[in-house]
Amino acid sequence: MKTLIAYSTKYGCTEKCAKEISQGLKGDVATVNLKTNKQPDISEFDMIVLGGSIYAGRIRKELQNFVSANLEALLEKNVALFVCGMQEGEESIKELNNAFPESLRKKAIMKEFFGGEFIFSKMKFLDKAIAKKVSGMETDISHLDKEKIRSFIDMLNKI
Ligand SMILES: Cc1cc2nc3c(=O)[nH]c(=O)nc-3n(C[C@H](O)[C@H](O)[C@H](O)COP(=O)(O)O)c2cc1C
């Protein structure tokens, strides 16, 4: 099984998840940051894992653009989807559903909301101000659900 993990990240949380998945998956695994390589060739891969973070309710643009440009080809592959964000409960499910087209979500072997992180020291001024206001916190917060990431990897290893 040849797998490509294509992700879009702003401050590194999604990248951290992508790396964890790449280390846990069996077989041949490549990772690509869609910021540096906007149109990776997916033809040689059997499985594509797509991950991105949510800002103001939306998945990052680079991932959205990649999915739009490759939707037909993606629908021919095994696909798995994940998002990172700080929302919880119903809102997180809504965000996950809004992040990808319905056809891709229906096709996906796995789709999961992993949670997210606020690492204030990495943030640009405006993002930091918003994150501090929304969270009411001054110190870094990690709400990444390691168990969900583990189950996601385990499920993909069964394919
Ligand atoms: C300005 C700003 C807006 C955000 N908006 C949302 C949001 O609408 N929904 C959400 O679930 N998380 C939101 N987040 C949280 C990020 O998705 C979270 O920090 C995530 O871990 C970032 O991942 P990244 O470092 O891979 O970009 C926001 C964060 C910032 C800084």
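Two residues are in contact here if their C-beta atoms, placed from the backbone, lie within 7 Å. Keep that in mind for the views below, and remember that this is a predicted model.

**View 1. Leu63 and the residues it touches.** Leu63 sits in helix H2, which covers residues 61–74. Skip its neighbours within four places in sequence, and Leu63 is in contact with Ser8, Leu34, Leu50 and Gly52. The residue counts as buried, because Leu63 has 24 C-beta neighbours inside 10 Å and 20 or more is enough for that label. Look for Lys35 too: it is 28 residues from Leu63 along the chain, with 8.9 Å between the two C-alpha atoms.

View 2. In soluble globular proteins, nonpolar side chains tend to be buried together.

**View 3. Strand E5 and its partners on either pairing.** E5 is mostly covered, with six of its seven residues buried. E3 and E5 run parallel and are joined by seven bridges; in this pairing, Ser53 stands opposite Cys84 of E5. E5 also pairs with E6, likewise in the parallel sense, over four bridges. Here you can find Ala80 opposite Met110 of E6.

**View 4. Phe113 in strand E6.** Phe113 belongs to E6, the strand made of residues 110–113. Is Phe113 buried or exposed? Phe113 is buried, because 24 other C-beta atoms lie within 10 Å. Apart from neighbours within four places in sequence, its contacts are Val83, Gly85, Ser92, Glu95 and Leu96. Cys13 is 100 residues away from Phe113 along the chain, yet their C-alpha atoms are separated by 13 Å.

**View 5. The shell around the ligand.** Which residues come nearest to the ligand? Of the 23 residues around the ligand, they are Thr9, Thr14, Ser53, Gly85 and Gly116. Helix H1 (13–24), strand E3 (47–55), strand E7 (117–118) and helix H5 (125–135) are the elements that give two or more residues to this shell. By type, the shell residues split into eleven nonpolar, eight polar and four charged.

**View 6. Zooming back out to the chain.** The chain has six helices and eight strands, and from the N terminus on they run β-α-β-β-β-α-β-α-α-β-β-α-β-α. Its C-alpha trace spans about 45 × 30 × 30 Å along the principal axes. A compact globule of 159 residues would have a radius of gyration near 15 Å, so the chain's 15 Å agrees with that. Of the 159 residues, 33% count as buried. Among contacts with a separation of 6 or more, 77% come from residues 24 or more positions apart.

Terms used
Residues numbered from 1 in each chain as written. Predicted model: local features only at pLDDT ≥ 70, side-chain atom pairs only at ≥ 80, totals over all residues. Near = placed C-beta within 6 Å. Nonpolar A, V, L, I, M, F, W, Y, C, P; charged D, E, K, R; others polar. Buried ≥ 20, exposed ≤ 12 C-beta atoms within 10 Å, placed from the backbone. Rg over C-alpha atoms; globule rule 2.2 N^0.38 Å. Pairing = 2+ DSSP bridges.
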